[in-house]
Amino acid sequence: MITVVLPDGQSRELADGATGADLAASLGRRAAKDALVAVADGEQLDLNRPLPDGAAVSLVFPSSAEGLEVLRHSTAHVLAQAVLTLHPEATFSIGPPIADGFYYDFDLGLDESSRPRTFSDDDLEAIEEQMRAIVTARQPFIRAEVDRAAAGELFARHPYKIEILDGEADDPTSGPAGGVITTYRNTDEFVDLCRGPHVPDTGRLGHFKLMRVAGAYWRGDEKRQMLQRIYGTAWGSADELRSHLKQLAEAAQRDHRRLVTELDLLSFPAELGGGLAVWHPKGAVVRKLMEDYSRERHQSGGYEFVYTPHLANARLFETSGHLDFYAEGMYPPMEMDNGVYYPKPMNCPMHCLIFGQRQRSYRELPLRLFELGTVYRYERSGTLHGLMRIRGFTQDDSHLFVTPEQLSDEIETLLDFVLSVLGAFGFREFTFKLSTKDAGKFVGADADWQRATAALQDALERRGVAYVVAAGEAAFYGPKIDIDVRDAIGRSWQLSTIQVDFNLPERFDLRYTGADGELHRPIMVHRALMGSVERFFGVLVEHYAGAFPPWLAPVQAVVLGVRADHEAFAAQVVALLRDAGFRAESVPADDPLGARIRRAKLERVPYVLVVGDDDAAAGTVGVNPRGRPVRRDVPLAEFVALLADEVERKAVDAGGGEDAA
């Protein structure tokens, strides 16, 4: 007999050689039916592999994150099998699970004209049908361990697999069990190179859909072969799949790349080059409001404003270390008559220069520097994605220089500040991740790391928020808190970071004079609240589907006369609203009233005001708010007071409602 320890601490005896499937069967019919893989002492195992005696063992089910990863990985194998069945001339490379799904990369060879073959939408339908046939067949995933020679024979006509094998042979630690090569076979015709584990058989799969085809360079190297990548999504149940597809459909309607064009907010002219945007007047209004609010909050929060140049001598980035560890993300150098210069990828080195320009006293700390600083980072063209990933962007960047004794209180204040500002933009749900030291890669003293990690943890706990600890995931220079927001359709966006840094103060030899008269090293805290103004704007566009709340809307009210003879009164209403500080405009009665109202609604204007004979006589307006019932004969002064209140409160929805702050 063998004994295994279950997650609840109880021991269970099983026959010698018992597998994860045997353990699942001993736990009941439901566990036997749903278990996907076992985990023994932290190592995932296929259910048909024997369990070690004395191991701590758990089972992985489809409802867990680990279970979804296994399902998606196995579905990727079924995709590869389907493609090679339908396209025997094809070869395949890699197919990992990813967030919400999976992909697999293929090389279809050349057509009669010596051009690379590609997949079509019709191909996806046929591939998905073949995948479902494989699922119905309930083919087992059969694991085998082979040597390099046998693996070479198995994958002789698949050059990408051979390249992977050669890489594994060069680095024995990269493969399982000290370099052992493992394969998984589903049929006599199909075998794949894989570390596993996988579901017991293809019948455990089925809740999937192929999504799209994209080009992808082998190994991410633009000098290598362009492959055909098929993306898919897979879930543990039909309901989960339907829910995800519904969210994707909603996300497509909210895609900021489409909305910024439809709403005339900004554009990406080809003449500028990839990843660079120009802001149109309406988009610039929203951006200015965002930046003005950020400046206002930072000014009242005790920050000091600074400005730094867009480029700097290479010596600065040698000191900061960016040329050592971030050169690939920087633009090429510019040779000038007095040295080599780079566009800056980050603002922090220049903020260190400001701190170090003169001797500092402990009485000046904490010193909070803030800048809306534009940075430039090289992104490969294939990774660019609207405003979410661009090459030139502005960070709402702050760097705080504190004493060790001040760190805990400052982190707590920072956390409150970040959540308050994000709340003003309408975000209500947050998730928090605390990344701690990688014991094999860090700078600074253990005591400093412990103090900083405790300060971050104390701030989260005093705020009363749930958080996850990502052990060993901190950058080498300090622990951090990442803050994600959940948008209107349930998607998570990583926005804000509070990052402790022991590295830059030492690289720049920053010091302050303490109360004891001695020189001490400050602790630096990086804090990006929006992340970047551009990306935050893109998130807001998608969160609100372009329908910004009144305080952020580029046009807060459109005034429409019923007929042309009402345009004079409409102009008076616009003038009064503008005098009161609102953004209002009128539209001539060249088209029918209904058409003009529909156009204003499509432009997501919070308020459409309609004026006719009675309104002109009585000084009233008809108020047609976005998403709320129409009100007639509203005194103009009453509407002005209503809009002023909503803007002041930063109300999320037009017509009065929930406060944002």
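Residues are numbered from 1 along each chain as its sequence is written, and side-chain values use heavy atoms, with hydrogens and water left out. Because the model is predicted, local features need pLDDT of at least 70 and side-chain atom pairs count only at pLDDT 80 or more, whereas totals for chains, interfaces and linings use all residues.

Secondary structure elements are DSSP runs numbered from the N terminus, with helices (H or I) of at least four residues and strands (E) of at least two. A cis peptide bond, with omega about 0 degrees, links Gly-196 to Pro-197. Pro-197 belongs to the loop that runs between β11 (191–193) and β12 (208–217). A cis bond is also present from Leu-365 to Pro-366, where omega is near 0 degrees. The loop that holds Pro-366 lies between β20 (360–361) and β21 (367–376).

Positive phi values occur at Ser-114 and at Asp-264. Ser-114, a residue other than glycine, has phi near 65 degrees and sits in the loop between β8 (101–107) and α4 (121–136). Relative accessibility is computed with a 1.4 Å probe on protein chains only; buried means under 20%, exposed over 50%, and partly exposed in between. Ser-114 counts as exposed because its relative accessibility is 55%.

For Asp-264, which is not a glycine, phi is about 60 degrees. Asp-264 is placed in the loop between α9 (256–262) and β14 (266–267). With a relative accessibility of 39%, Asp-264 counts as partly exposed.
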